[in-house]
Amino acid sequence: KNKEGLRKIFNENKIDAVINFAGFKAVGESVEKPLMYYENNLFGMITLLEVMKEFNVKNIVFSSSATVYGVSEKVPFVETDPMGEVTNPYGRTKVIIEHILMDLAKSDNTWNIIALRYFNPLGAHESGRIGEDPNGIPNNLSPYITQVAVGKLEKLHIFGNDYDTPDGTCIRDFIHVNDLAAGHSAALNYLFNNENLGFDAINLGSEKGYSVLEILSNFEKAVGKEIPYVIDGRRAGDIAVCYADASKAKKLLNWEAKYTIEDMCRDSWNWQKKNPNGFKD
Ligand code: UFG
């Protein structure tokens, strides 16, 4: 958001492409603080694009989300599906930014822009030195489970077991963070090897769906003990089933998810076990 600061970085470095990871991402927080989300996510993106334009750097990868498909019941999600009705300001910033990027590409065909639509990131770096350390009580499933396993939280609350799925809990497409990272390298290579791409959106998912209970049981195997849980009511805004069609990533980026759900749970647990207090230690 700091134009002068950005200009300084562009002046002092030779920059070929930019990846924008600087978005706020907590759904619940965005409902409570919508202006903070619109201010950070939209102004941050617009300021960055303006400075990129000034310096004639026109390759950008944007962290988008499967949330842009909205509350649709049609799976798997394909990039040609329309963006749907999103239920929170966080998701809306992703949709608005994708529209901004499309408009920009239409106005000037020398931009090369890829929005990577992440499904549900899970796991940590194998070293156990880089992982997820959410502020406060985790919103997402995996950090909540690992914090129960490490003894910081008492039990997992499963939000609903009356969905139209085999075990009644929601199904998601989990993707290892290392696969996600590789997807960004692949997207940059694609930008560097092609010209006048305009705007494109690409799913990054494993194409496999696992239920909340299946994730819990995979974590129990990784941790080597039972993880206590209770069934609570549904969480507002959750859809029953969400998984990706990732054939576009395979075709254009030569990328596909390689890590299994066992790898993801093992690496998340390894990180949590080695860092019970996250990065604070
Ligand atoms: N869940 C629980 N208990 C918890 C946390 C989650 O039962 O404590 C359940 C949810 O109800 C859902 C599933 O676990 O069924 C996954 O929930 P997450 O919050 O981990 O992930 P979401 O699928 O809701 O959201 C994620 C990202 C969003 C992104 C979205 C795109 O967190 O940023 O995927 O589909 F927008």
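This is a predicted model: local features need pLDDT of at least 70, side-chain atom pairs count only at pLDDT 80 or more; totals for chains, interfaces and linings use all residues.
Q: Which residues lie nearest the centre of the largest cavity, and how many line it?
A: Glu132, Pro143, Thr146, Trp271 and Gln272 lie nearest its centre, and 17 residues make up the lining. A cavity here is a set of points, on a 1 Å grid over the protein atoms alone, where a 1.4 Å probe fits but cannot get out, and lining residues have an atom within 4 Å of a point.

Q: Which element gives the largest share of the lining?
A: α5 does, with four residues. Both α5 (141-149) and α9 (261-274) supply at least two residues each; helices (H or I, at least four residues) and strands (E, at least two) are DSSP runs, numbered from the N terminus.

Q: OK, new topic. Which residues come nearest the ligand?
A: Asn140, His157, Arg172, Arg235 and Asp238, out of 18 residues around the ligand. To count as near, a residue needs a heavy atom within 4 Å.

Q: What does the ligand's nitrogen sit 2.7 Å from?
A: A polar backbone atom of His157 lies at that distance from a nitrogen atom of the ligand.

Q: And what about the ligand's oxygen atoms?
A: A polar side-chain atom of Arg235 is 2.8 Å from an oxygen atom of the ligand. For Asp238, a side-chain N or O atom is 2.5 Å from an oxygen atom of the ligand.

Q: How much of the ligand does the protein bury?
A: The protein buries 90% of the 680 Å² that the ligand exposes when taken alone, with areas from the Shrake-Rupley method and a 1.4 Å probe.

Q: Which elements give two or more residues to the shell around the ligand?
A: α5 and β5 (156-159). β5 gives the most, with four residues.

Q: Last one: how many helices and strands does the protein have?
A: Nine helices and 10 strands.

Key: Residues are numbered from 1 along each chain as its sequence is written. Side-chain values use heavy atoms; hydrogens and water are left out. On a 1 Å grid over the protein atoms alone, a cavity is a set of points where a 1.4 Å probe fits but cannot get out, and a pocket is an open set with protein on both sides within 12 Å along at least five of seven lines; lining residues have an atom within 4 Å of a point. A polar contact is a pair of N or O atoms within 3.5 Å; within protein, one must be able to donate a hydrogen and the other to accept it, and residues adjacent in sequence count only if both atoms are side-chain atoms.
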